[in-house]
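Reader: Please show the sequence and the structure. A few questions about contacts and helices follow.

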Amino acid sequence: MSVRSMTRKEFAAAAEKMTRRGRWANRLWLTIFFVILFGNLVVVRLIPENYAITYLVGFFVFLIANIIFTMRIAKNRSRRAGVICSKCKSTFSKTGLELAIATGNCSSCSEKFLDD
Ligand SMILES: [Zn+2]
């Protein structure tokens with residue numbers, strides 16, 4: 001990656017491209033996730049009562065792992081697309097991204113990292 005900082009326009013274009021690329025993967029994962037979630041309703045009825053707690057704990061572990069996994073993927077995607085702060089290397093939330101495009105400032109370290 002170049003040392004020169006991006007302009008707000010270039011940054012917005014990179015962010016847009018990243019979002020467009022990630023959209024299908026997100027939809028696919030969301031579909032799988034809901035199939036698992038609804039499948040779970042069926043599975044729950046078939047589970048013997050003495051395994052219910054174990055199953056419930058396992059399911060919560062799955063849900064939490066899913067959140068961590070999804071967040072990690074989003075961060076990696078941002079890094080690969082160069083949609084990070086060049087000063088503190090942090091990635092952005094949706095709001096942080098909009099703020100960066102609008103002002104050129106990072107929502108994490110509040111430094112100006114984009115040229116106008
Ligand atoms: Zn920063």
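Reader: Which residues does Asp116 touch, not counting residues up to four places away in sequence?
Author: This is a predicted model, in which local features need pLDDT of at least 70, side-chain atom pairs count only at pLDDT 80 or more, and totals for chains, interfaces and linings use all residues. Residues are numbered from 1 along each chain as its sequence is written. Asp116 lies in the segment after α3. With contact taken as C-beta atoms, placed from the backbone, within 7 Å, Asp116 touches Thr7, Arg8 and Gly104.

Reader: Is Asp116 buried or exposed?
Author: A residue is buried if 20 or more other C-beta atoms lie within 10 Å of its own, exposed if 12 or fewer, and partly exposed in between. Asp116 has 8 other C-beta atoms within 10 Å, so Asp116 is exposed.

Reader: Are α1 and α3 roughly parallel or roughly antiparallel?
Author: The axes, lines fitted to C-alpha atoms over the stretch in contact, with angles from 0 to 180 degrees between N-to-C directions, come within 8 Å for helix α1 (residues 8-46) and helix α3 (residues 94-103) and cross at roughly 150°. Angles over 145 degrees count as roughly antiparallel and those under 35 as roughly parallel. Therefore α1 and α3 are roughly antiparallel.

How values were computed: Helix = DSSP H or I, 4+ residues; strand = E, 2+ residues; numbered from the N terminus. Parallel < 35°, antiparallel > 145°, perpendicular 65-115°, else oblique. Contact = placed C-beta atoms within 7 Å.
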